[in-house]
Amino acid sequence: MSKTGLNRQTTISRSISYEGLGLHTGKPSRVTLLPAPPDRGVSFERYDLSEPRTIPVTPANIGGSRRATDLECDGVAVRTVEHIMAAISWSDIDNIVVRLEGEELPLGDGSALTYVRLLREAGVTDLSAKRHEMRVTCPRWTTRGTSHLIALPYEGTRVTFLFLRKGSHLEPEYSDSEYLDIEVTPEVFREEIAPARTIGFQWELETIQEQGLALGATLDQAAIVGENGYVGETRFPNEACRHKALDLLGDIAILGRVLGHFIGIGSGHSMNHELVQLISRDLEVKRGV
Ligand SMILES: [Zn+2]
């Protein structure tokens, strides 16, 4: 709900910029958030190319899913959009242009806090147009081995997540899991989910960088899961699980504002993308597309 209490669309009050390194590319990029008119929704703009290109946020433009969410339109991509997408959606912003000079969104502190703060600084302006709210209309799910992701109709937004710190819960005496069940509101998002940093598995760090991923991350931008629990400080005892909820909310936000109960067990971006496509088809049927 917008701050007037009416269910009106919003945009940001003024433009604002931020610079930093991308998580996977390790390259510097500059992001500028700009106000947008009603019904324009969220769109990305690649401003570093010889001609600026717009990449609308829609499930049809979901590209890669190698540990992040990329959007791609006519051969032009923006990478690692999930943290800013969650921040925009749960800062109650409906219309915004995310202008990017670079290919990948800056990682910030590894969580969504950098973007939540940036949006807060930019301020919220109510627009006259009515807000569109969608809902999960029937159960949808995707399963891969022991991983599951389920969407159920719900009066609100709720995330239930089981994060398996290592291996499978089918292993004998497996008990190293994290759990979260949370009713999401903008305030809850800001306090309980947005600060959770990117997950790093200690045993994967070298291999990932050899594959050319996570080049822009330092250890304080991640919750590092080791063989025997976390290595270093954490912001929550179940920080990785909370970050999974953040990634899931960011991926769901590609659809717009959706009410539903989302339940994940060991799932990640590529399953999120599958679920987004399934829900998107239901929404299209409802709209008669
Ligand atoms: Zn993430």
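Q: Before we start, what counts as buried, exposed or partly exposed here?
A: Buried means under 20% relative accessible area, exposed means over 50%, and partly exposed is in between. Note also that this is a predicted model.

Q: Fine. Where does Leu205 fall, then: buried, exposed or partly exposed?
A: Leu205 has a relative accessibility of 31%, so it counts as partly exposed.

Q: Which element holds Leu205?
A: Leu205 belongs to helix H4, which covers residues 205–210.

Q: And what does Leu205 touch, leaving out residues up to four places away in sequence?
A: With those left out, Leu205 touches Gly200, Leu219 and Ile224. Ile224 is 19 residues from Leu205 along the chain, and their C-alpha atoms are separated by 9.3 Å.

Q: Let me zoom out. How many helices and strands does the protein have?
A: There are 6 helices and 18 strands. The radius of gyration is 18 Å, close to the 19 Å that the globule rule gives for 289 residues, so the protein is as compact as a globular protein of that length.

Q: What box do the C-alpha atoms fill?
A: Roughly 55 × 40 × 35 Å, taken along the principal axes.

Q: What about contacts between residues at least 6 apart in sequence?
A: Among those contacts, 73% join residues at least 24 apart.

Q: Charges: how many positive and negative side chains are there?
A: The protein has 31 positive and 40 negative side chains. The centres of the two sets lie 5 Å apart.

Q: On to Asp109. Where is it?
A: Asp109 sits in the loop between strand S8 (96–101) and helix H2 (113–122).

Q: Is Asp109 buried or exposed?
A: Asp109 counts as buried, because its relative accessibility is 18% and the cut-off for buried is under 20%.

Q: What is around Asp109, again skipping residues up to four places away in sequence?
A: Asp109 touches Thr114, Arg197, Asp220, Gln221 and Arg235. Asp220 is 111 residues from Asp109 in sequence, but their C-alpha atoms are 7.8 Å apart in space.

Q: Which side chain makes a polar contact with the side chain of Asp109?
A: The side chain of Ser111, at 2.8 Å.

Q: You mentioned H2. How many of the residues of H2 are buried?
A: 7 of the 10 residues are buried, so H2 is largely enclosed by the rest of the structure. The buried ones are Leu113, Thr114, Tyr115, Val116, Leu118, Leu119 and Ala122.

Q: What follows H2?
A: H2 is followed by Gly123, which has a positive phi near 80°.

Q: Is Thr80 buried or exposed?
A: Thr80 is buried, with a relative accessible area of 6%.

Methods:
Residues numbered from 1 in each chain as written. Predicted model: local features only at pLDDT ≥ 70, side-chain atom pairs only at ≥ 80, totals over all residues. Heavy atoms only, no water. Helix = DSSP H or I, 4+ residues; strand = E, 2+ residues; numbered from the N terminus. Rg over C-alpha atoms; globule rule 2.2 N^0.38 Å. Contact = heavy atoms within 4.5 Å. Lys, Arg positive; Asp, Glu negative; His and termini not counted. Charge placed at Lys NZ, Arg CZ, Asp CG, Glu CD. Buried < 20%, exposed > 50% of the residue type's maximum accessible area, 1.4 Å probe, protein only. Polar contact = N/O pair within 3.5 Å; in protein donor to acceptor, adjacent residues only side chain to side chain.
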